[in-house]
Amino acid sequence: MKFFFVVNGKKVKQYMVVVFAAFFAASLAFVGQQQLSVFSSEDGPRAIYKGEDQGNKVSLTFDISWGDKRVTPILDILKDKGVKNCTFFLSAAWAERHPEIVERIVKDGHEVASLGYQYKSYTDWEDKQIKRDILLAQEKIKKVSGKMTSLIRPPNGNFDERVLNISEDLNHTVVHWSIDTKDWKNPGVDRIVTTATNETKAGDIILLHASDSVKQTHKALPTIIDKLRDDGFKFVSVSEMIANTEANSKEVN
């Protein structure tokens, strides 16, 4: 049985709860006025899925692993709406094939992060394969973007404690999400908008896609932006969301 840790940080209060004897231990620490929620291993590696709960900040994140038909309309909408600081998680193999799009992502003021190189599930690989893929992706993305990645979203969002440890050893923070729009299923524009906005809270990391498989995301995006702005949210990169935040851990199954 494998366990992960969910973390919330905020100032002053800390407590320990033991559940099911030796299997669970929980602690909640409060640090400053920021809150950070993560999955982590006992020794510290973290997979962040939610950021600080202050300042009405949210992160729009886009995964890209193939195609070039959907990403340009998405970038055009973000530019027209004056939205910068989104985080684009790129398959490095895709980035190699589309350097001009990667250059535009950076030029438009967005953050680039890694989806690995081959876009295959890390949990199916041996340690050496995972390390090789993370480092190769970092090298290739830097070559086309000029940016050194420090954030990684494992392909398909699959990770375990082993992936967390390897990623941290290679100076990468694993980033999950707190809101999954499931836009890759093309469930309808209204459904995507509703999922992205109806229960959004400060600190949420919103998962969207910009691969060619998504046919409705660019249609939903203007309304998503407008609704979130009307609700008082500010768009920030994942790096800004998690900067200067400390956290302790709570073990969960």
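**Overview. Salt bridges across the predicted model.** A search of the whole structure, which is a predicted model, finds eight salt bridges. Side chains of opposite charge can pair when their charged atoms come close. The views below take up some of these pairs in turn.

**View 1. The salt bridge between Lys50 and Asp204.** The closest N and O atoms of Lys50 and Asp204 are 3.0 Å apart, and the two residues form a salt bridge. Because Lys50 lies in strand 5 (residues 46–50) and Asp204 in the loop between helix 6 (189–197) and strand 12 (205–209), the pair ties together parts that are 154 residues apart in sequence. Lys50 is buried, its relative accessible area being 14%, and Asp204 also counts as buried, at 5% relative accessibility.

**View 2. The salt bridge between Asp63 and Arg153.** Here the side chains of Asp63 and Arg153 meet in a salt bridge, with an N to O distance of 2.8 Å. This pair links distant parts of the chain, 90 residues apart, with Asp63 in strand 6 (residues 57–64) and Arg153 in the loop between strand 9 (151–152) and helix 5 (161–169). Asp63 is buried at a relative accessible area of 6%, and Arg153 counts as buried at 1% relative accessibility.

**View 3. A network of salt bridges linking Asp76, Arg104 and Asp108.** Arg104 lies in helix 3 (residues 99–107) and Asp76 in helix 1 (residues 71–80), so the pair ties together parts that are 28 residues apart in sequence. Arg104 counts as partly exposed, at 23% relative accessibility, and Asp76 is partly exposed, with a relative accessible area of 31%.

Definitions and conventions
Residues are numbered from 1 along each chain as its sequence is written. This is a predicted model: local features need pLDDT of at least 70, side-chain atom pairs count only at pLDDT 80 or more; totals for chains, interfaces and linings use all residues. Side-chain values use heavy atoms; hydrogens and water are left out. A salt bridge is a side-chain nitrogen of Lys or Arg within 4 Å of a carboxyl oxygen of Asp or Glu. Helices (H or I, at least four residues) and strands (E, at least two) are DSSP runs, numbered from the N terminus. Buried means under 20% relative accessible area, exposed over 50%, partly exposed in between (1.4 Å probe, protein chains only).
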